[in-house]
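Open your viewer and get your selection tool ready.

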Amino acid sequence: METAICGRVPLSPNYFFSSKSGDKHSLSKQWTHRTMLMAISAAAPGKGSGVLERPTIERTTPGRESEFDLRKSRKMSPPYRVLLHNDNYNKREYVVQVLMKVIPGMTLDNAVNIMQEAHYNGMSVVIICAQVDAEEHCMQLRGNGLLSSIEPANDGC
């Protein structure tokens, strides 16, 4: 692609550096063109002579939701609690490991606290999230042998 300033000086490297070897003035032409190229390239960026491309805006088709719409609808869905119930079958260490594996961002301290609360009180709130996520977490906990259920979080806690 060749670019020109005022339509006269092409800025293609091939134009400046492609002189024939038989030409006795080829070396002086190359040095003149190199000096000109350096002067043009040094002056052009500071002057703001570049052309910005128009940004592309993603438009969604009428039947398709964008990623933003999906996040917005997920935030607006009512929250649900994922509950962990105490059982007499699983060891405490195993419950902590499953909680850390299934729930994203679960720390060791939080997992131990949730396990202890379920052990002493019979039930503990694991996480409050959207219904779709709550159902997924509950199924994963059940898949690992833990007793789990979900309920709506009506009081906003």
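The tour below goes stop by stop, with what to select and what is there.

Before selecting, note that this is a predicted model, in which local features need pLDDT of at least 70, side-chain atom pairs count only at pLDDT 80 or more, and totals for chains, interfaces and linings use all residues. Residues are numbered from 1 along each chain as its sequence is written, and side-chain values use heavy atoms, with hydrogens and water left out.

Start with H137, which is found in helix α6, residues 131-143 (helices are DSSP runs of H or I with at least four residues, strands runs of E with at least two, numbered from the N terminus). H137 is buried at 10% relative accessible area (buried is under 20%, exposed over 50%, partly exposed in between, with a 1.4 Å probe and protein chains only).

Next, select what H137 touches: leaving out residues up to four places away in sequence, these are V82, V102, I103, P104, I127 and C129 (contact means heavy atoms within 4.5 Å).

Now show the open sheet, where 3 strands run in the order β4-β3-β5 with antiparallel pairing (strands pair if DSSP finds at least two bridges between them). Its edge strands, β4 (123-130) and β5 (147-152), each pair on one side only. Between β3 (residues 79-85) and β4 there are 7 bridges, and V82 stands opposite I127 in β4.

Finally, color the cysteines. C129 is buried at 13% relative accessibility, and C138 is buried at 4%. How many disulfides does the structure hold? It holds 0, counting cysteine sulfur pairs within 2.5 Å.
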